[in-house]
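Here is a briefing on one protein model. Look over the sequence and the coordinates before reading on.

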Amino acid sequence: MTTPQDVLKMIRDNNIQMIDLKFIDTPGIWQHLTVFHNQIDESSFTDGVPFDGSSIRGWKAINESDMSMVLDPNTAWIDPFMKEPTLSIICSIKEPRTGEWYSRCPRVIAQKAVDYLVSSGLGDTAFFGPEAEFFIFDDVRFDQNSHEGYYYVDSVEGRWNSGKQEGPNLGYKPRYKEGYFPVPPTDTFQDIRTEMLLTMAKCGVPIEKQHHEVATGGQCELGFRFGKLIEAADWLMTYKYVIKNVANKYGKTVTFMPKPVFQDNGSGMHTHQSIWKDGQPLFAGDKYAGLSEMALHYIGGILKHAPALLAITNPTTNSYKRLVPGYEAPVNLAYSQGNRSASIRIPLSGTNPKAKRLEFRCPDATSNPYLAFAAMLCAGLDGIKNKIDPGEPLDKNIYELSPEELAKVPSTPGSLELALEALEKDHAFLTEPGVFTEDFIETWISYKLDNEVNPMRLRPHPYEFALYYDC
């Protein structure tokens, strides 16, 4: 554990000039305020640094805008992208007038989920290991106005460029669905990914691996070690920050959109998770795939609440363009030790009980990780407390199931609107433990409808012209 005194010493020892205070808004984008080093003292780690929260998406009205960023000393690292020595610190948000933690702050909600786990007596630590995929593009353009709407993405690796005059075109373009994972020169991003990985390590993220992903056009993934719930969410935000900034240094751009490329695999965020107590893993046992009864009930909770859960773990309209059959997408609300079309997979862990975990494959990295991890934990704990039976595992090849068998397997919602409808009907598992408030759920649903679902519904789609212009 790092203390405030440790951070203040780090500032002095490294001649830090600026302190970059980062916090996350409701949809899941890092925001920041940078202050001169003499503005930070020990009280900054308890009372916080004041700021105006009225313009933050999903937060305060203008007449109640005063808020405080409370620095977490465990999150301090020297920012590798700043010209002047700058210390980055992640913050949680307080109400300065009452001294209470702000109920709409995603990091505060995540802490309440951890507190709920401890108070339940079921465990004391929830570990999460997200695997966020992304695309590296060389060019992106998009616009939408009253008389036109389009997007354009391009990558030197795109198979669509195999016939392009590149002076010269060397021909090494990963085929569609075959980017996992040939060596260079077909894989052109080896050095960039290595720099991303090593830079993450300098920022305190425990790195593991890097590789190309399945899709053509620059789909990639980096891996870091699992961590405690809030820790893992902090690392994921650092992961996204580093990847985007390293790519920017090379004149490239990164997106975590789930489906930016038509007719190839999308980008998900498979999320490994387990519960421990007193230093012992609780998901290992003698049941299916070496799981404990607790783990099966946790799976039961995830599957039962999945339609509502996806409104938080897959929170964009684009998320549901990934969750379609045929692209290794986990569209079936079932569990399996080997079937990757099932929404929950039990990874191979050998004989080591500490490695026993489940992998929820639906989420994507457009989600706010603090909210997503907290919601998944609440769903799983609801399954444990109510001994929810997950049913039989789906170990058959989904494409070989008869229509009768397939009809018995529930599937993920087909749109964000349907997921939000499910959340509106099913959110007691989030609010009854006191983790999410009714106010937050109502704000989340109305924000998503007003700013994403309904605006999309109002606009003509380019493909509609191909379908209907000559009618």
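Predicted model: local features only at pLDDT ≥ 70, side-chain atom pairs only at ≥ 80, totals over all residues.

Residues are numbered from 1 along each chain as its sequence is written, and side-chain values use heavy atoms, with hydrogens and water left out.

**Overall fold**

- The protein has 12 helices and 18 strands. These are DSSP runs, numbered from the N terminus: helices are H or I with at least four residues, strands are E with at least two.
- The radius of gyration is 23 Å, close to the 23 Å that the globule rule gives for 471 residues, so the protein is as compact as a globular protein of that length. The radius is taken over C-alpha atoms, and the rule is 2.2 Å times the number of residues to the power 0.38.
- The C-alpha trace spans about 60 × 60 × 50 Å along its principal axes.
- Of contacts between residues at least 6 apart in sequence, 67% join residues at least 24 apart. Contact means heavy atoms within 4.5 Å.

**Surface and charges**

- Accessible surface comes to about 21600 Å², and carbon and sulfur atoms hold 52% of it. The method is Shrake-Rupley with a 1.4 Å probe.
- Buried residues make up 54% of the 471. Buried means under 20% relative accessible area (1.4 Å probe, protein chains only).
- There are 46 positive and 61 negative side chains, and the centres of the two sets lie 3 Å apart. Lys and Arg count as positive, Asp and Glu as negative; His and the chain ends are not counted. Charges are placed at NZ of Lys, CZ of Arg, CG of Asp or CD of Glu.

**Nonpolar cores**

- The largest nonpolar core has 96 residues; Phe-134, Tyr-239, Leu-377 and Phe-436 touch the most other members. Such a core is a set of buried Ala, Val, Leu, Ile, Met, Phe, Trp, Tyr and Cys residues joined through side-chain atoms within 4.5 Å.
- Another core, of 25 residues, lies apart from it and includes Phe-45, Met-67, Ile-89 and Cys-91.

- Met-237 sits in helix 4 (residues 229–249). Met-237 is buried, at 4% relative accessibility.
- Beyond its neighbours within four places in sequence, Met-237 contacts Ile-24, Gly-28, Trp-30, Pro-369 and Tyr-370.
- Ser-155 lies in the loop between strand 9 (149–154) and helix 3 (190–202). Ser-155 is buried, at 1% relative accessibility.
- Leaving aside neighbours within four places in sequence, the contacts of Ser-155 include Asp-138, Trp-160 and Gly-217.

Terms used:
Buried < 20%, exposed > 50% of the residue type's maximum accessible area, 1.4 Å probe, protein only.
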